[in-house]
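Welcome! Please have a look at the sequence and the model below, and keep them at hand while you read.

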Amino acid sequence: MPNGIPLQTTMNSDMQMDPVNFYQTNEFMCQSMEEYYTEDSMYMTVPGEESWYKAPEELVNGSD
């Protein structure tokens, strides 16, 4: 394994199947991010900001 900067990631998730949704928190390099996904949309926070943002449809549904 090459020498480099060690990275640590922590991820916690809660998932439900009917209806489909999940809530997830990610911590990476001392920054945290939250994501909430429903069948219709995905919302996320941006590290360092307090607001929630709606993700672009392409991110939720993939490219057709």
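What follows is a short tour of some residues, their places and their surroundings.

This is a predicted model, in which local features need pLDDT of at least 70 and side-chain atom pairs count only at pLDDT 80 or more, while totals for chains, interfaces and linings use all residues. Residues are numbered from 1 along each chain as its sequence is written, and side-chain values use heavy atoms, with hydrogens and water left out.

Let us begin with Met11, which sits in strand β1, covering residues 9-17. Helices (H or I, at least four residues) and strands (E, at least two) are DSSP runs, numbered from the N terminus. Setting aside residues up to four places away in sequence, Met11 touches Gln24, Thr25 and Asn26; contact here means heavy atoms within 4.5 Å.

Asn26 belongs to strand β2. With residues up to four places away again left out, the contacts of Asn26 include Thr10, Met11 and Gln31. Is Asn26 buried or exposed? Asn26 counts as buried because its relative accessible area is 13%; buried means under 20%, exposed over 50%, and partly exposed in between (1.4 Å probe, protein chains only).

Between β1 and β2 there is a loop that holds Pro19. The peptide bond leading from Asp18 to Pro19 is cis, with omega near -5 degrees. For background, most peptide bonds are trans.

**Two surface patches**

Which residues make the nonpolar surface patch of about 460 Å²? They are Ile5, Leu7, Phe28 and Met29. Patches are made of residues with over 30% relative accessible area and no salt bridge, joining like charges within 9 Å and nonpolar side chains (Val, Leu, Ile, Met, Phe, Trp, Tyr) within 5 Å. A salt bridge is a side-chain nitrogen of Lys or Arg within 4 Å of a carboxyl oxygen of Asp or Glu, and accessible areas come from the Shrake-Rupley method with a 1.4 Å probe, where for residues only the protein chains shown count as cover.

Leu7 is placed in the segment before β1, and Leu7 is exposed because its relative accessibility is 55%. Met29 lies in the loop between β2 (20-28) and β3 (31-38). This residue, Met29, is likewise exposed, at 52% relative accessibility. Apart from neighbours within four places in sequence, Met29 is in contact with Leu7 and Gln8.

A patch of negative charge on the surface gathers Asp18, Glu39, Asp40, Glu57 and Glu58. Lys and Arg count as positive and Asp and Glu as negative, with His and the chain ends not counted; the place of a charge is taken as NZ of Lys, CZ of Arg, CG of Asp or CD of Glu. Glu57 is found in helix α1, residues 57-61, and Glu57 is partly exposed, with a relative accessible area of 35%.

**A buried loop residue**

Ser41 is in the loop between β3 and β4 (42-45). Ser41 is buried because its relative accessible area is 6%. Beyond neighbours within four places in sequence, Ser41 is in contact with Tyr36, Lys54 and Val60.

**Some separations**

| Pair | Apart in sequence | C-alpha to C-alpha |
|---|---|---|
| Met29 and Met11 | 18 residues | 12 Å |
| Met11 and Leu59 | 48 residues | 19 Å |
| Glu57 and Pro6 | 51 residues | 34 Å |
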